[in-house]
Amino acid sequence: MKKIVTIAILILILLLTIGNSKIYAETNVIDGQTESKLIEIKENSAKTLEEYKEKYGSDAYGLTAYILSIIRIYSIPFCFLGIAISAIYQYVIGIRKLDTQEKGLVMMVSFITILVICQILPLAFAIVVKFGRG
């Protein structure tokens with residue numbers, strides 16, 4: 001009986017996989033407007049990277065500043081999401097379980113620390129590169 005159920009589940013998974021790949025192949029068409037948006041985003045990123053390279057006077061420093069800027073931007077929603085989840089652990093689930101409350105507090109402190117580091121690091125890099133190189 002177990003073998004029959006296992007074989008039936010495997011066949012079902014196989015059929016669903018094949019069906020999903022056909023649906024994905026049909027919907028994977030990029031129209032002209034989407035393609036032009038993607039090209040525009042790519043050109044804006046390349047232009048911004050070139051601006052950073054000119055500003056810092058080196059390819060390595062420009063690339064590093066560009067990466068730190070992207071990290072600074074994307075760390076904000078990631079850390080706020082982490083802070084919200086840790087608040088749920090601490091204040092909602094932690095009402096009944098003290099170990100979960102501690103876990104929420106540790107997570108919250110960690111995400112706040114990561115957020116502060118990600119926001120301060122590009123500024124510190126700019127100060128060191130501009131005034132520290134001489």
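Reader: In which helix is the place of Gln90?

Author: Helices here are DSSP runs of H or I with at least four residues, numbered from the N terminus. In this predicted model, where residues are numbered from 1 along each chain as its sequence is written, local features need pLDDT of at least 70, side-chain atom pairs count only at pLDDT 80 or more, and totals for chains, interfaces and linings use all residues. Side-chain values use heavy atoms, with hydrogens and water left out. Gln90 has its place in residues 59-92, that is, helix 3.

Reader: Is Gln90 buried or exposed?

Author: Buried means under 20% relative accessible area, exposed over 50%, and partly exposed in between, with a 1.4 Å probe and protein chains only. Because the relative accessible area of Gln90 is 10%, the residue is buried.

Reader: At which residue does helix 4 bend by about 30°?

Author: The bend at a residue is the angle between axes fitted to the seven residues ending there and the seven starting there. A proline, Pro122, follows within four residues of the bend, which is at Ile120.

Reader: Against which helices do the buried residues of helix 4 pack?

Author: These buried residues include Met108, Phe111 and Leu115. With contact meaning heavy atoms within 4.5 Å, they pack against helix 2 and helix 3.

How values were computed: Helices (H or I, at least four residues) and strands (E, at least two) are DSSP runs, numbered from the N terminus.
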